[in-house]
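Please open the model in your viewer and keep the selection panel at hand. The tour goes from one selection to the next and says what is to be found at each stop.

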Amino acid sequence: MLKIATVNVNGIRAAFRKGMDTWLEQANPDVVLAQEVRASEEITQELFGDEWQVAVNASQLKGRAGVAVAVRKSSPWHLEDSKADTVPVEVPQDGGRWLEALLVKENETGGGEDARLRVISAYFHSGEVGSEKQDHKMGHLERIGHRLEQLMCADASSDNTEPLVLVAGDFNVVHTERDIKNWKPNHNKRAGVLDEEIAFLDRWREQGWVDVVRTLAGEVQGPYSWWSWRGKAFDNDAGWRIDYHLATPRLAEAARSQQVDRAAAYDQRFSDHAPVVVTYEI
């Protein structure tokens, strides 16, 4: 079993000060895909500690974005290499939002191929209706779509020789009414709930990408992964489901369970996002 967690940490240094290390110990994930790291690879490695292999794609803009992949050394999987920004960076704001890492697990029988998994930590723009930020978001979504198409084509034509692929992270878009507590007040009025954004998720589903958490959870409300710091959003569970595990069909078939590690109370959160954890049997 391989337990993979994705979480927008809202600043890795702040997250560790607020108890992310405790969550790591209790949840015991094998792989963590982190977004909005806002720190260098050296700082991120120091925070995770010697028990982890860490790769980071930092933003060109200080204190902004940044994505990371961390692999626990005690796991049978190891981080073989990583590539930053395989989705083109058109403006500085696009940087530090896409990191691909190849994980490998040696064949224990001594014969056959090693297992390979490509994991991608992704942080999409948040956007803002009627602003330049929304223009950046829409352009970035288009370029992400091109990369997803490349990955899906490789998976479909590989005869199972290509790595399994997982794209996970903070997409900053809800897909349907089930993914947000208050749909009507937000739909087509607020970034993240616009039909033009949702169309991308529809398109990727048609290509064959599988929303693993939705598939495992079923047609229920939620499970939400983000709650505003403001007001009583967390206490009232007025959340959004914007953190995804998007998998190629071969990997999706290996998904066994999902959970959102929602903190027990408002003051026990280390981020405004909760870790989204999926266990895969590969």
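Helices (H or I, at least four residues) and strands (E, at least two) are DSSP runs, numbered from the N terminus. This is a predicted model, in which local features need pLDDT of at least 70 and side-chain atom pairs count only at pLDDT 80 or more, while totals for chains, interfaces and linings use all residues. Residues are numbered from 1 along each chain as its sequence is written, and side-chain values use heavy atoms, with hydrogens and water left out.

Staying on helix 5, show the side chains of Glu197, Ile198, Phe200, Leu201 and Trp204, which are buried (under 20% relative accessible area, with exposed meaning over 50% and partly exposed in between, for a 1.4 Å probe and protein chains only). Viewed down the helix axis, the buried residues fall within an arc of 145°, so they line one face of helix 5; the arc is that of the directions from the axis to the C-beta atoms. Among the elements that cover these residues are helix 4 (132-157) and strand 10 (243-247). Just after helix 5, Gly208 takes a positive phi of about 120°.

Next, go to Val7 in strand 1 (residues 2-8), which is buried at 0% relative accessibility. Leaving aside residues up to four places away in sequence, Val7 touches Val32, Leu33, Ala34, Gln35, Phe270, His273, Ala274 and Pro275, where contact means heavy atoms within 4.5 Å. A C-alpha to C-alpha distance from Val7 to Ser121 gives 9.4 Å, although the two are 114 residues apart in sequence.

Now turn to the backbone. Most residues other than glycine have a negative phi, and most peptide bonds are trans. Ala65, in the loop between strand 3 (52-57) and strand 4 (67-72), has a positive phi near 45° and is buried, with a relative accessible area of 5%. Asp237, in the loop between helix 6 (212-217) and strand 10, has a positive phi near 55° and counts as partly exposed at 30%. Pro223 lies in the loop between helix 6 and strand 10, and a cis peptide bond, with omega about -5°, joins Gly222 to Pro223.
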